[in-house]
Amino acid sequence: EADALVGSKPKFRMIELICKKLTGLYYATNEVLADARMLGAMAMQGFGEETAFKLDDGCIRGTGAGQMQGILNSAALVSVAKETGQAAATIVYENIKKMWGRMWARSRQNSVWFINQDCEQQLNGMSQVVGVGGAPVYLPPGGATAQPYSQLYGRPVIPIEQCDTVGTKGDILLADFSQYVMVDKGSMQSAVSAHVRFLTDEQTFRFIYRVDGQSLWHTPLTPFKGTATLSPFISLDNR
């Protein structure tokens, strides 16, 4: 009582986000545009969808060099090793348990499993050894005829194309993207010009989106009690 308080100086890390250009370019002859009246609108829709695909890919696999830095290339990623003697191109329940155990507890309620669609057969056959037998851990109680089994540890399992094929690091991810930050310079900008290829009677469609993103974490967390590092981004090593 009445002792002087002890001050502390918290440390902050500067995160630098510099918007990079994600671009698209498309040429169409005026004859094609006149004969296929919906082509221009379809091009707009197609480039918008591809931009969304590339953004997802950047969040997962981006190198950080001239593009977003994805979680697979983040220093904060925790990659769980395969089991001793584990067969190639497989996923076993021990992998899932260890991935869940390395997820930062405060991120668990926001986390989502992302998988390559090739992984679904492995998940369907996954089992927990019980005595001399076993029990399925992904199939629902009613078996394959029940509601689609798209959760692990109560978190959604979402197939995406950006995950690698089964057996390769990145084929299954457990991630909390509330711990990932993105910035942009407004919405995607689109422009159409008749002058770029005026002599060939073509229209030019141009799309530009300026964006950057990276993990808020720069290293895994060593817990106050315990030695196994934790992170909001978990992957499974090559098998």
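A polar contact here is a pair of N or O atoms within 3.5 Å; within protein, one must be able to donate a hydrogen and the other to accept it, and residues adjacent in sequence count only if both atoms are side-chain atoms. With that in hand, here are some notes on the model.

This is a predicted model, where local features need pLDDT of at least 70, side-chain atom pairs count only at pLDDT 80 or more, and totals for chains, interfaces and linings use all residues. Residues are numbered from 1 along each chain as its sequence is written, and side-chain values use heavy atoms, with hydrogens and water left out.

1. Let's start with D171, found in the loop between strand 7 and strand 8 (strands, E, of at least two residues, and helices, H or I, of at least four, are DSSP runs numbered from the N terminus). D171 has a relative accessible area of 0% and is therefore buried (buried means under 20%, exposed over 50%, partly exposed in between, with a 1.4 Å probe and protein chains only).

2. What does the side chain of D171 meet? It makes a polar contact with the side chain of R239 at 2.8 Å. A polar atom of the D171 side chain also lies 2.8 Å from the backbone nitrogen of G167. Leaving aside neighbours within four places in sequence, the residues in contact with D171 (heavy atoms within 4.5 Å) include F114, I115, N116, L236 and R239.

3. Two of those residues, F114 and I115, take us to strand 3. V112 and F114 point one way from strand 3 (residues 112-115), W113 and I115 point the other way, and all are buried. Strand 3 runs antiparallel to strand 8 (residues 172-175), joined by 4 bridges, and F114 has L173 as its bridge partner there. With strand 7, strand 3 pairs in the parallel sense over 3 bridges, and W113 stands opposite V157. Pairing of two strands requires at least two DSSP bridges between them.

4. Helix 2 is worth a look too. It has 23 residues and reaches 31 Å from its first C-alpha to its last, close to the 33 Å expected (1.5 Å times one less than the number of residues). Its buried residues include L39, A43, L55, D57 and I60. Among the elements covering the buried residues of helix 2 are strand 1, helix 1 (30-35) and strand 11 (202-215).

5. Now the rings: the structure holds 8 aromatic pairs (rings of Phe, Tyr and Trp, its six-membered ring, with centres within 6.5 Å; planes under 30 degrees apart are stacked, over 60 edge-to-face, the rest tilted). Y26 and F47 form a tilted pair, 6.1 Å centre to centre with 50 degrees between the planes. This pair links distant parts of the chain, Y26 in strand 1 (residues 20-29) and F47 in helix 2 (residues 39-61), 21 residues apart. Y26 counts as partly exposed because its relative accessibility is 23%.

6. Stacked, tilted or edge-to-face: which describes W100 and Y153? Their ring centres are 4.9 Å apart and their planes at 10 degrees, so the pair is stacked. W100 lies in helix 3 (residues 93-102) and Y153 in the loop between strand 6 (151-152) and strand 7 (155-159), 53 residues apart. W100 counts as buried at 13% relative accessibility, whereas Y153 is partly exposed at 36%.

7. Lastly, ring pairs link Y26, F47, F205 and F207 into a cluster. The charged end of R197 sits over the ring of Y27, 3.5 Å from its centre, and that of K225 sits over the ring of F224 at 4.8 Å. The criterion is NZ of Lys or CZ of Arg within 6 Å of the ring centre and within 35 degrees of the ring normal.
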